[in-house]
Amino acid sequence: MYKRQGLPRAWLIRAAYPSIDWLFEKGIDHPQPWEIGMGLSNLPFAVPHLGIEACQAPVPIRIGWLRSVCNVWQAFALNGFIDEMAAAAGVDPLAYRIALLGPDRQFAAPNEDPDPLASSNGTTVDSGRYRRVIEHLAARVNWGAPLPAGHFRGFAAHNSFYSYVATIVEVALQADGTPRVVRVDTALDCGRVVNPDGVRAQVEGATIFGLGLALFGELSVREGRVEQSNFGDYRILRITEAPPVIEAQIVASEEPPSGIGEPPTPTIAPALAAALFAASGRRLRELPLMKGWAASG
C-alpha cells in the first residue's frame, strides 16, 4: 500500500517460488529465510512497517542455481513496484528512491546467517552506499537530460553479496517498432577494488547475461521434463543484439572487497522494463520481457 501524495507507510510482500534447499532437504515447499534475504527482508528503504510472507511453492521438477540466485526476480519485482509508486506520486524514480531511503544508516540484515562467510547478501545493510551509487550514476549519465528522438531510459538499483549496484538501460525504438538496447551504464560499490579491469569484465558479462535472461530467457516444462535441450531451442542474446556501449562506473570505497560476479545481474531486467515503459507506456510485469512486449503490441 502507498499514499499517492507521499511515500509508503507500510508494505506487505508475498514471496512464492520453489526453494533451492529442496535439493538437499526433501519436503521444503516454500522460500527459506536466506532466500527471502536476497533483496526483500534486507531492503534498504526506511519503511516503518514491513511484512514479508513466504508462501507455499511445491517443487514439481529439479531446479538449480541461477547467476545471482533469488536476487534476480526479487530485484525485478521490487524495482517495478517502486517505479509504479513513483509514477503514482508524480516523482522522478531516482529522486523517489533517495527520499524513500531516508537518512543514511546501517543496520543488521534480518534472516541472515550470523557467519559472514555463510551469508549471501550481507549481514548488514548500508543505505548510504545504496544512495551513493544512485547519485554517482545519475551524475555520470546526466540523468534527466533530453535524449535523441526514439530513445528511452530506465533505472534500477539493488544490493546483493555485500555490494551495491545501480543500472540505467537505454533503448531505441527501431523502424519496425521493436526495441534495441543501445547502452547500459552500471555504477557499483563493491568495496576496495584490487583489479579494476576484472570488475569491468564482470559487469560486461553480467550485463550480457542479464539482458538475454530479461529479453528471452524462458524454460517450459511438459510432463515433468524441460522441453528445451540446447541453444537451438533456448533463445539467448546474439552478438548483433548486444548493446554497443556497456560502461562500468566504480564508486570509490574503503569497505572490504565484496561480490562482483553476480551483483550487476539483478538490476538489468527491471531497468530494461522501466525503459520499455518509458517507450510505450505499458508495464511489463512478467519475464521474459519480449514475450510480453509482443503480446501487448
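Trainee: Which residues of helix 4 are buried?

Mentor: Buried means under 20% relative accessible area, with exposed over 50% and partly exposed in between, using a 1.4 Å probe and protein chains only, while helices (H or I, at least four residues) and strands (E, at least two) are DSSP runs numbered from the N terminus. Here the buried residues of helix 4 are S127, G128, R129, Y130, R131, V133, I134, H136, L137, A138 and V141, that is, 11 of its 15 residues. This is a predicted model, in which local features need pLDDT of at least 70 and side-chain atom pairs pLDDT 80 or more, whereas totals for chains, interfaces and linings use all residues. Residues are numbered from 1 along each chain as its sequence is written, and side-chain values use heavy atoms, leaving out hydrogens and water.

Trainee: What covers the buried residues of helix 4?

Mentor: Contact means heavy atoms within 4.5 Å, and the cover includes helix 3 (93–101), strand 4 (124–126), strand 5, strand 6, strand 7 and strand 10.

Trainee: In what order do the four strands of the open sheet stand?

Mentor: Two strands pair if DSSP finds at least two bridges between them; in this sheet the order is 5-6-7-10, with mixed pairing. Strand 5 (151–160) and strand 10 (245–250) stand at the edges with a single partner strand each, so one side of each lacks a neighbour in the sheet. Strand 5 pairs with strand 6 (residues 163–173) in the antiparallel sense over 10 bridges, and N159 stands opposite Y164 in strand 6.

Trainee: Which residue follows helix 4?

Mentor: Helix 4 is followed by N142, whose phi is positive, near 60°.
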